[in-house]
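These notes record what I looked up in the structure.

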Amino acid sequence: MSSDALPSRVEVYLDGNDDPIGIYQPPARFRLDTEDLEDGPHELRIVATDRSGHCGVRTIPFEVRNGPGIAVDGLKRGDVVEGALDLLVNAYGGAYEENWEPARAETPAPIPTWAWVLFLGAVAWAMFYAARTWSPSPDMAGSPTFAQWTGEIGGDIGPGPGGTPSADGAGAALYRTSCASCHQTNGVGLDGVFPPLAGDPVVVADDPTRHIEIVLYGLQGEAIAGVDYPTAMPGWAQQLSDVEVAAVVNHERTSWGNDAPTVTPDQVAQVRRRGSR
Ligand code: HEC
């Protein structure tokens, strides 16, 4: 580039005016006072001419905003609208405002939908996670409210450690919801109406077959220890799974001073396969 090619003159125009607002020798530093301009879009046009008379032109559109900023909620550029619109208009912090308060610059917009979606998603995940990881203490699992709840959502009544359904926990809960109304929580039954299970020969027998059979298929019109019971013991084959029957049977076999061998869900399944006598 020879020195001849260097621009020798720079003219600066504003908004399509034919009269330049300044003519300078490059490199030029000049000041554009926007306070004389109206707020809104403007255009600066710079024309540089070199010694050989060639022109270079550069236009720079810009926007002046000396007045307060304006925020509108409820109507966006290009929205298609009909009927009446509720708009929220806020104006904040112009260039001339001395004490600018950030709080006033925040347009009180409604919480955007995506924020709700995110929030609800987080809550749902937290509940799912809590439900998956929460294992209640035996005390709690045995409480009527909790037993009801696990019953409703088909809670995990799986085998405890060692493959035997736990006698407390699930078994106690099932007993409370399904059996205690007749045989009573403490297993003593009701004199002449519902037989006691504490110390009952069937419940404490080493062979659990009869115990399982009665729980699965019920019992009616059979004297127990010389007492006739007028009502029937309902069968539970339809309502309870093998795991659940084993759990409640084991609860009876190990509660109220009973100390009989416990059963596995497999043993219940065997009795079930044979069907009612
Ligand atoms: C509606 C009341 C009622 C409910 C609920 C009930 N039972 Fe019974 N149960 C009886 C009656 C009545 C008998 C005695 C029937 C007979 O002797 O004919 C009985 C008998 C039994 C026996 C036999 C005792 C024996 O010595 O022969 C066992 C075991 C038993 N129930 C366990 C259970 C279990 C476990 C549950 C819960 C899953 C349960 N019962 C729920 C009323 C009930």
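**Entry 1: the metal site.** I first examined the iron atom of the ligand, where six donor atoms subtend angles of 87 to 180°, so the arrangement is octahedral. I noted that the model is a predicted one. The protein donors are His183, through NE2, and Met233, through SD, and they lie 2.0 to 2.1 Å from the iron atom. This pair links distant parts of the chain, being 50 residues apart: His183 belongs to helix 5, and Met233 to the loop between helix 7 and helix 8.

Met233 has a relative accessible area of 24% and is partly exposed.

**Entry 2: the shell around the ligand.** I found 26 residues around the ligand, of which Cys179, Cys182, His183, Asp200 and Met233 come nearest. A backbone N or O atom of Glu222 lies 2.6 Å from an oxygen atom of the ligand, and a backbone N or O atom of Gly221 lies 3.1 Å from an oxygen atom of the ligand. In the side chain of His183, an N or O atom is 2.8 Å from a nitrogen atom of the ligand. Helix 5, helix 6 and helix 7 are the elements that give two or more residues to this shell. Helix 5 gives the most, with four residues.

**Entry 3: helix 8.** I checked the length of helix 8, residues 242-253. At 1.5 Å a residue, its 12 residues should span 16 Å, and the end C-alpha atoms are 16 Å apart, which agrees. I then asked how many of its residues are buried. The count is 10 of the 12, so helix 8 is largely enclosed by the rest of the structure. Among the buried residues are Glu244, His251 and Arg253. What covers the buried residues includes helix 5, helix 6, helix 7 and helix 9.

**Entry 4: backbone details.** The peptide bond from Pro26 to Pro27 is cis, with omega near -10°, and Pro27 is found in the loop between strand 2 and strand 3. Gln184, although not a glycine, has a positive phi of about 70°. Gln184 lies in the loop between helix 5 and helix 6 and counts as partly exposed at 24% relative accessibility. Trp256 is also a residue other than glycine with a positive phi, near 55°. Trp256 is found in the loop between helix 8 and helix 9 and is partly exposed, with a relative accessible area of 25%.

Conventions
Residues numbered from 1 in each chain as written. Predicted model: local features only at pLDDT ≥ 70, side-chain atom pairs only at ≥ 80, totals over all residues. Heavy atoms only, no water. Expected span 1.5 Å × (residues − 1). Buried < 20%, exposed > 50% of the residue type's maximum accessible area, 1.4 Å probe, protein only. Contact = heavy atoms within 4.5 Å. Donors = N, O, S within 2.8 Å, 3.2 Å for Na, K, Ca; no water. Tetrahedral: all angles 85-135°; square planar, octahedral: opposite > 155°, others 65-115°. Near = heavy atom within 4 Å. Polar contact = N/O pair within 3.5 Å; in protein donor to acceptor, adjacent residues only side chain to side chain.
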